[in-house]
Amino acid sequence: MKYAKADILPDELLREVQKYMNGVMVYIPKSEGLRKGWGVNSGGRAYIQQRNLQIRHAFAHGATVDQLTEQFFLSCDSIKKIVYTKMK
C-alpha cells in the first residue's frame with residue numbers, strides 16, 4: 001500500500017474530507033476493475049495451483065492420502081479437499 005500526502009487533493013475536496021476525518025489516516029481502495037487477485041503479483045497462486053496439480057496426479061497414480069500428507073506437509077483434510085474437489 002502506498003501513502004500519499006493530502007496535498008495532492010484539490011483544496012476544496014481536502015477541506016471537505018477534513019470535516020469528517022481531520023488528522024487521521026484514510027484508506028482509499030483501488031477501483032474494482034484495477035484490483036488483482038490474491039497471489040497474482042507474488043506468484044503464490046500459481047505455486048499453489050501447480051502443487052495441487054502434482055497432488056492430484058500423484059493421487060490418481062496410486063499415492064495414498066497419508067503419503068501425500070507427509071510429502072507435501074499438509075493435513076489429511078487439506079489433501080482430501082484437493083483430491084476430491086472438482087477442478088474448475
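**Pocket, pairing and packing**

Mentor: Start with the largest pocket: 22 residues line it, and those nearest its centre are Lys2, Ala4, Val26, Tyr27 and Ile28. This is a predicted model, where local features need pLDDT of at least 70, side-chain atom pairs count only at pLDDT 80 or more, and totals for chains, interfaces and linings use all residues. Numbering runs from 1 along each chain as its sequence is written, and side-chain values use heavy atoms, with hydrogens and water left out.

Trainee: How much space lies in the largest pocket?

Mentor: A pocket here is an open set of points on a 1 Å grid over the protein atoms alone, where a 1.4 Å probe fits, with protein on both sides within 12 Å along at least five of seven lines; lining residues have an atom within 4 Å of a point. Points are joined across faces, edges and corners, and the volume is the space filled by probe spheres set on them. For the largest pocket that comes to about 880 Å³.

Trainee: Which side chain meets Lys19 in a salt bridge?

Mentor: The rule wants a side-chain nitrogen of Lys or Arg within 4 Å of a carboxyl oxygen of Asp or Glu, and the count comes to one salt bridge. At 3.2 Å, N to O, the partner of Lys19 is Glu16.

Trainee: At what angle do the axes of H2 and H4 cross?

Mentor: Axes are lines fitted to C-alpha atoms over the stretch in contact, with angles from 0 to 180 degrees between N-to-C directions. H2 (residues 44–60) and H4 (residues 76–84) come within 9 Å. H2 is roughly perpendicular to H4 (65 to 115 degrees), because their axes cross at roughly 80°.

Trainee: Which residues of H4 make the contact with H2?

Mentor: Contact means heavy atoms within 4.5 Å. H2 brings Arg51, Asn52, Ile55, Arg56 and Phe59. From H4 come Ile79, Ile82, Val83 and Tyr84.

Technical notes. Helices (H or I, at least four residues) and strands (E, at least two) are DSSP runs, numbered from the N terminus. Angles under 35 degrees count as roughly parallel, over 145 as roughly antiparallel, 65 to 115 as roughly perpendicular and the rest as oblique.
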